[in-house]
Amino acid sequence: MDFTLSEQQRELQARARWFAETVVKPVASLYDQEERHPHELIVQARQEGLTEITIPAEYGGRGLGVLELVLVAEQLAWACAGFTAAACSSCLAGEPIVIAGSEEQKRRWLPRLAAGEYASFALTEPEAGSDVTALTTRAERRGDVYVLNGHKRWIGNAPIASFFVVFAKTDPDAGRNGISVFVVERESPGIVTRPLRKLGQRAISNGEIEFHDVVVPASNRIGREGEGFAIAMRTLRRTRPMAAAFGAGIIQRCLDESLAYAQQRRTMGQPIIKHQAIGHKLAEMRIRLDAARQLTYLAAWLADRGEDNTLAAAVAKAFAADSAMWAATEAVQVFGGNGYSPDYPVEKLFRDAKLLQIYEGTSEIQRTIIVRELVRLSGNRRTVG
C-alpha cells in the first residue's frame, strides 16, 4: 500500500491550504453572520484552480479525480464549510451530466459551470429526502417536451443558479425506475425560488424551487427515461467522499483551535491541557481525524479507479460526519463558556458540523447502506473494501 500523494496532488493540497488560511479564514465569520453568498471568494478560488476539479478538461474544468477534489475540499472546509459547499457545488450539479450526458449536453452545460455559472442538484423535496422514491415532482411527456410540476427544498445554490439538474417522476407507478433527470434553465417560465435560512453553513445559499407547468425540451433529459435514480446514486457515490472531506477539515480545525486554547488557558495554576480530562479530548480528536481522513481517501481512491465504492463512501461519510459533530461538541467544551460565544471560532464549527450528518445522505441512511452492502457481500468471507 502506498499512501504517498503525487507531486501534483501535494501542490494542489498546499495551494488549497494557503487559500484557506490567507483568504477564507479571515472573512469566514463575516459571510456566516451576513448569510452572504461568497461569490468574490469563489472567483478567487477559481483563479487558483480550486474549483470545478472533476469537470473534464475538454469542457473547461480541471479534469482531475475525486481524490484531488477531496484534498481541496478538506483544506477549504478547515476554514469554512459553508464556503466550501458553495465553491464545490458545481461538481455536484455537473456530475450527472458528466456521468450520463451526451456529448452535446456536456458541451452545452459543463463549460458554463467552468466559466463560473452556478447550478443546483435538485433532488430533495419537502416529503422526499432520505426516501428518494417518494419524489412527487412530475415530468409529463408531451410530444417533444416535458412539463414539470413540483416542489424542491433545501437545494444548494437555488436562489442564484443559472440552471437546475432536476430529478422528477416520469412514471409515478414505477418506483425508483420511474425517475428521470433533466436540466432546467432558470429563465424557463413557471419557476419560483425562495431562499431558506439555516443554523450553519450559512455561506452557501439554500432554497426552495417550485415548478409550475415548466416546459422542458426532451433534449434536456439526461440519460434515458427511468435512469434518474441510478444516475443520482452514481453521483452520490462520487460526491460523498467530498462531504466526508468536509468532516475531516472540521475535525482538523477543532483540534487546531482546541490545542492552541488548551495550551494558553490556565486553571488551578496550570494550562488546561495538563488536565487529563482535556488532554484526552484532544487525543481522541487526533484519532478520529486520522481515521476519517484515511477512510475518505480510500473512498475517493476507489472511485477514481472505477471500482464500486458504495460501502467505502458510506463508511467514510458516516464516520467523518459523526466525528466532526463529536469534535465540534468537545471543542466547545474545551473552550467552556467562551465556546458558546460567536466571538470564538468553535461556535461556528459546531453549527457547521451538524449539517454534515444530514446532507448527501443522513448518517442513518449511510448505516442503512452499510448494512445492505454487508448483506450483499455476506457470501464472501471478507467484507472489507
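**Rings and their partners**

Modeller: Let's start with a charge over a ring, meaning NZ of Lys or CZ of Arg within 6 Å of the ring centre and within 35 degrees of the ring normal. R288 sits that way over the face of W326, and its distance from the ring centre is 4.1 Å. Bear in mind this is a predicted model, where local features need pLDDT of at least 70, side-chain atom pairs count only at pLDDT 80 or more, and totals for chains, interfaces and linings use all residues. Residues are numbered from 1 along each chain as its sequence is written, and side-chain values use heavy atoms, with hydrogens and water left out.

Colleague: Which residue lies over the face of W78?

Modeller: Here too a charge lies over a ring face, at 4.8 Å from the ring centre. For W78, the residue is R253.

Colleague: What kind of pair do the rings of Y261 and Y344 make?

Modeller: Rings of Phe, Tyr and Trp (its six-membered ring) pair if their centres lie within 6.5 Å; planes under 30 degrees apart count as stacked, over 60 as edge-to-face and the rest as tilted. The centres of Y261 and Y344 are 6.4 Å apart with planes at 85 degrees, so the pair is edge-to-face.

Colleague: Is Y344 buried or partly exposed?

Modeller: Buried means under 20% relative accessible area, exposed over 50%, partly exposed in between (1.4 Å probe, protein chains only). Y344 has a relative accessible area of 30%, so the call is partly exposed.
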